[in-house]
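Here are my notes on this model, in the order I'd read it. Have the coordinates open as you go through the points.

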Amino acid sequence: MAMATGRECMNLERFKIFKSQQQPPLLQTTSIKEMFENGLISSSTKEECRQLKDKATRDETTCVYPFFFEEHGYSGCIVYLYVYTAKVDRWCSFGRTRVTLDTVTGKLTCRCKGNKKRMCVHIYVSMCWTFQEKQHLLRVNMDKDIDFTDTDNDSLTEDTEPGLFQRNDHITSVQIRNIAEYMWKSKRMPPKLPEEMQNTAPNIPQKFSQEETKCPYCPGPTPPDLSQEKQVTKKGIIYGILTVHKDLSA
């Protein structure tokens, strides 16, 4: 009688193609100190970063473990930095949280609950490691290069961090340029309309959806793909020469 064969879970299957990863450079206390001396973090943040780094050392683990997608054939726009947390929670099931660095906009985000008033220590530790090993990623696509040696931190308080890496909602000149270039290449009307469009008005759909499934700014397969579409309005209006179409979804 034939017996049903067992099946391994996805995690065990992945071990068959597992490749040993080289240990990343360790975060040095001198790098945290240099960030403070150059006015990029306050004294209280410096102490937080040092304590987390020392905790990782005592627990015999790496404080920051980076993952560069471009080393595996993908776009380098996004960098993941897995930061030791010394705790286990829903956002750090294996004792690490993931900090995401967008090298195009310079934005840093973390999976932890964080604090609305200031960035979390995981982001600052990631900044310290990136400053130590990949400093150009912190300068890329800014309006001007930052001279880290001429920054003064005398005006910083314990609760105020430098504005260079503060999280904010304003749109940067780089983002405006990227959006404009995308609209020019992908969305502009042709200089001469096709013959059929000149003579016959096209049917207007009741729902408009984006055509893209990948990020327009990242070449090749990129992590992550675009999220599922979200409805913005049910009250869209298109005005034609002789007609008006209302209540369109987009």
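1. Helices (H or I, at least four residues) and strands (E, at least two) are DSSP runs, numbered from the N terminus. With that in hand, Tyr-65 stands opposite Tyr-82 in E2.

2. Housekeeping. This is a predicted model, in which local features need pLDDT of at least 70 and side-chain atom pairs count only at pLDDT 80 or more, while totals for chains, interfaces and linings use all residues. Residues are numbered from 1 along each chain as its sequence is written, and side-chain values use heavy atoms, with hydrogens and water left out.

3. Overall make-up. The protein has seven helices and six strands, and along the sequence they follow the pattern α-α-α-β-β-β-β-α-α-α-α-β-β. Of the 250 residues, 29% are buried (buried means under 20% relative accessible area, exposed over 50%, partly exposed in between, with a 1.4 Å probe and protein chains only). Taking contacts (heavy atoms within 4.5 Å) with a separation of 6 or more, 53% are between residues 24 or more positions apart.

4. The four-stranded sheet. The strand order is E1-E2-E3-E4, in an open sheet with antiparallel pairing. On average, neighbouring strands are turned by 20 degrees against each other, direction ignored; here and below, axes are lines fitted to C-alpha atoms, for helices over the stretch in contact, and angles run from 0 to 180 degrees between N-to-C directions.

5. E1 and E2 run antiparallel and are joined by five bridges. E2 and E3 also run antiparallel, with seven bridges between them.

6. Which residues of E1 are on its covered face, and which on the uncovered one? Val-64, Pro-66 and Phe-68 are on the covered face, whereas Tyr-65 and Phe-67 are on the uncovered one. As background, side chains in a regular strand alternate between the two faces of the sheet.

7. The core. A nonpolar core here is a set of buried Ala, Val, Leu, Ile, Met, Phe, Trp, Tyr and Cys residues joined through side-chain atoms within 4.5 Å. The largest one has 34 residues, and Ile-123 and Val-125 have the most contacts inside it. The elements giving two or more residues to this core include helix H2 (29-37), helix H3 (43-58), strand E1 (64-68) and helix H4 (121-133). H4 supplies the largest share, eight residues. Leaving aside residues up to four places away in sequence, Val-125 touches Leu-27, Cys-49, Leu-52, Cys-63, Val-64 and Val-83.

8. H4 on the sheet. Helix H4 lies across E1, E2, E3 and E4, and runs at about 115 degrees to E2.

9. H2 against H4. These helices pack at an angle of about 100 degrees, with axes 9 Å apart. That makes H2 roughly perpendicular to H4 (under 35 degrees counts as roughly parallel, over 145 as roughly antiparallel, 65 to 115 as roughly perpendicular and the rest as oblique). Ser-31, Ile-32, Glu-34 and Met-35 of H2 make the contact with Met-127, Cys-128, Phe-131 and Gln-132 of H4.

10. H3 against H4. Their axes come within 9 Å and cross at roughly 85 degrees, and H3 and H4 are therefore roughly perpendicular to each other. From H3 the contact uses Thr-45, Glu-48, Cys-49 and Leu-52, and from H4 Val-121, His-122, Tyr-124, Val-125 and Cys-128.

11. Two residues to check. Lys-33 sits in helix H2 and, at 47% relative accessibility, counts as partly exposed. Its C-alpha atom is separated by 9.2 Å from that of Ser-43, ten residues apart along the chain. Thr-105 lies in the loop between E3 and E4 and, at 31% relative accessibility, also counts as partly exposed.

12. The other strand pair. E5 (residues 236-239) and E6 (residues 244-248) run antiparallel, joined by three bridges. They form a hairpin with four residues between them, and Gly-236 has Leu-248 in E6 as its bridge partner.

How values were computed: Pairing = 2+ DSSP bridges.
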